[in-house]
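Work through the exercises below with the sequence and the structure at hand. Each task is followed by a solution in steps.

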Amino acid sequence: MNAVTGARRGARRKRSAVALARSWLRAHGAAAVSALRQLRRQPVNTTSTVTVIALALALPFVGYIALGNLGSIVGDWDRAATLSVFVGGDPGPDALARLADDMQLIPGVGGADIVRKDAALAELAADESFGNVLPLLDENPLPDLIVVRTDAAVLTDSQELEAIRARIASRPEVSAVVMDTAWIGRLVALMAIVERVLVLLTVGIGVGVAVVVGNTIRLNIAMREDEIVISKLFGATNGYVRRPFLYAGLWQGLAGGLLAAMFVVVACILVKPGVSALASTYGSAFELAFPSPAQWLGAVVIGGALGLAGAALSVSSHLRHQDRLP
Amino acid sequence: MILFDAVSKRYDGDQDALRDVSMEVAAGEFVFLTGHSGAGKSTILRLIALIEHPSRGQIVVDGRNTARISARELPYYRRQIGMIFQDHRLLPDRTVFDNVALPLVVAGHSPLEISKRVRAALDKVGLLSKERRLPPALSSGEQQRVGIARAVVNRPKLLLADEPTGNLDPALSREILRLFGQFHQVGVTVVIATHDIGLINQVPARTIALRDGNVVRDTHATLEALP
């Protein structure tokens, strides 16, 4: 008997849970659609808000795309610094090999490759632009060279890099040390700064977007004051009143994010030929990377979240003032 | 159904709108509140609907002390009350159907249920053929009937009407009054605030007269005494 009533009660609870879920879905569906209708009824307002959101979001977005592209250029150097160590005099192959072995023992050094002056001259002779000039020389003007590669982690650590350079330069055989990749270290450090600035910019713009959405929602609320008051007189909960405005914020934010991604793609298309031309002057086949699907999604999600946040702030502050009805 | 116990209401910086009013309206009763404008009729309705809170005294509606109804519970409390206003308070950009459907939509009923009940309510007030119209396209009397349909569509226990015939000619007023009578007959408690003496004289109902925030006459006893 108890089991039977228990089962009945369970079934009733289940049914009411289904009914609740259905009415929840219905309420949200209706609010989502009514928000869309409301936005469509004011095409000028909606379009300008979405455009402002899109332009604001496109700014940091372009920054991240540029940073990502720079990062991929820097990444090509497999993140190790190289030092060109020029050896004076004519030490001979054995002494040169010993010197290279010694350098490999320095902490932070990953490898040392010898480039004999004969080999360097032969390579130069093969180059058309120098080939004609070289026979004019009496003797090989090039020094022997050891190319020292550091461990990857040393690239951006200028102190350790300097320590390695000093140890190499202290050898009497060494006539000069040139840090080939010092600019990468500087670039990486610069990018770290730019990235921080971008984060700050993104936060600032995010707040701005939320405020813009909040403002348009406030206007919408003012325009629908009567409807809110009447709905509340007939038993509308605050949730019911809030919902369409939250959806309006969400839709505008999502649309703004999507449009921002489109703006960025257009910017990439416009800039791409110039970047390719610049890269080719460095002998690079670098191609500008467009926003990835994840970045598209990110822009839309961030836009939506900011729209929702702006609407939520505006609606909740309004409803607090609205608890007393006229 | 409604109990006022020594209720006073004073608006900020103003004189008292209600002074120490005590009265009781039983479930299923039909009551007129009368008096000049400013006598406190509307204030009583607003206090019952919890649009206002009393400055002093207690109000009990359907066994609940209204002071103990939280902001969260308020919407559910209001769903038991149907309200009718002199200025109709319809949404001009929504169809008659959507206006009447509002209390059901707000309460989360299914579309099928809403459509059934709205049509029934519109049929009752004789406006079924105008469900697709917008309120501004209707006459004042028709708009008031839409307001009545909206007030009763959720089958409330209590119907509050503030000057429901204020702008209507006598024939239309009688028509509106007949509708209220029908709801009263199916057990709804009806409270009508009006200064329309002609209206009151048509129905031998209890009349509570107010002046300057005081109850000056209550025909309750007289009616009971009638053979």
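**Exercise 1. The nonpolar cores**

Task: Find which residues of the largest nonpolar core touch the most other members.

Solution. The model is a predicted one. Its largest nonpolar core has 73 residues, and those that touch the most other members are Phe4(B), Ile48(B), Met83(B), Leu158(B) and Leu160(B). Next, look at what supplies this core: helix α9 of chain A, residues 238-281, gives the largest share, ten residues. Then take Phe4(B) and set aside its neighbours within four places in sequence. The contacts of Phe4(B) that remain are Leu18(B), Val21(B), Ser22(B), Met23(B), Ile44(B), Leu47(B), Ile48(B), Gln58(B) and Ile59(B). Finally, there is a second, separate core of 36 residues, with Val146(B), Ala149(B), Leu168(B) and Leu177(B) among them.

**Exercise 2. The sheet of chain B**

Task: Give the strand order of the open six-stranded sheet in chain B, and explain why one side of β6(B) and of β10(B) lacks a neighbour in the sheet.

Solution. 
- Step 1. Read across the sheet: the order in chain B is β6-β7-β8-β3-β9-β10, and the pairing is mixed.
- Step 2. Look at the edges. β6 (81-84) and β10 (214-218) of chain B each have a single partner strand, so one side of each has no neighbour in the sheet.
- Step 3. Follow β6(B) to its partner. Strand β7 of chain B, residues 158-162, runs parallel to β6(B) and is joined to it by four bridges. Within this pairing, Met83(B) has Leu160(B) as its bridge partner in β7(B).
- Step 4. Place the helix. Helix α6 of chain B (residues 170-185) packs on the sheet and touches β3 (30-34), β6, β7 and β8 (189-193) of that chain. The direction of α6(B) makes about 135 degrees with that of β3(B).
- Step 5. Check the faces of β6(B). Ile81(B) and Met83(B) are buried on one side, and Gly82(B) and Ile84(B) are buried on the other, which leaves both faces covered.

**Exercise 3. A serine in a helix**

Task: Decide whether Ser173(B) is buried or exposed, and list what it touches.

Solution. Start with its place: Ser173(B) belongs to helix α6 of chain B. Its relative accessibility is 3%. The limit for buried is under 20%, so Ser173(B) counts as buried. Not counting residues up to four places away in sequence, Ser173(B) touches Thr165(B), Leu168(B), Asp196(B) and Leu199(B).

**Exercise 4. Aromatic rings**

Task: Say how many aromatic pairs the structure holds over all chains, and classify each.

Solution. 
- Step 1. Over all chains there are two aromatic pairs.
- Step 2. In the pair Tyr247(A) and Trp251(A), the ring centres are 5.8 Å apart and the planes stand at 40 degrees, so this pair is tilted. These two residues are four apart in helix α9 of chain A, which means a separation of about one helical turn. Tyr247(A) counts as buried at 18% relative accessibility, whereas Trp251(A), at 27%, is partly exposed.
- Step 3. In the pair Phe30(B) and Phe32(B), the centres are 5.6 Å apart and the planes are at 75 degrees, so the pair is edge-to-face. Phe30(B) is buried at 8% relative accessibility, and Phe32(B) is buried at 0%.
- Step 4. Turn to charges over rings. Arg89(B) lies over the face of Phe85(B), 5.3 Å from the ring centre. Arg132(B) lies over the face of Phe97(B), 5.4 Å from the ring centre.

**Exercise 5. A strand of chain A and its partners**

Task: Identify which strands of chain A are joined to β1(A), and how they run.

Solution. Strand β1 of chain A covers residues 82-87, and five of its six residues are buried. Six bridges join β1(A) to the antiparallel strand β3 (residues 144-150) of chain A, where Arg149(A) is the bridge partner of Thr82(A). Five bridges join β1(A) to strand β4 (residues 174-179) of chain A, again antiparallel. In β4(A), Met179(A) is the bridge partner of Leu83(A).

**Exercise 6. A glycine and a proline**

Task: Determine what separates the C-alpha atoms of Gly29(A) and Pro244(A).

Solution. Gly29(A) sits in helix α1 of chain A, residues 2-41, and is partly exposed at 33% relative accessibility. Along the chain, Gly29(A) and Pro244(A) are 215 residues apart, while their C-alpha atoms are separated by 9.7 Å.

Methods
Residues numbered from 1 in each chain as written. Chains lettered and ligands numbered in written order. Predicted model: local features only at pLDDT ≥ 70, side-chain atom pairs only at ≥ 80, totals over all residues. Heavy atoms only, no water. Pairing = 2+ DSSP bridges. Contact = heavy atoms within 4.5 Å. Axes fitted to C-alpha atoms, helices over the stretch in contact; angles between N-to-C directions. Core = buried A, V, L, I, M, F, W, Y, C linked by side-chain atoms within 4.5 Å. Buried < 20%, exposed > 50% of the residue type's maximum accessible area, 1.4 Å probe, protein only. Phe/Tyr/Trp six-rings, centres within 6.5 Å; stacked < 30°, edge-to-face > 60°. Lys NZ or Arg CZ within 6 Å of the ring centre and 35° of its normal.
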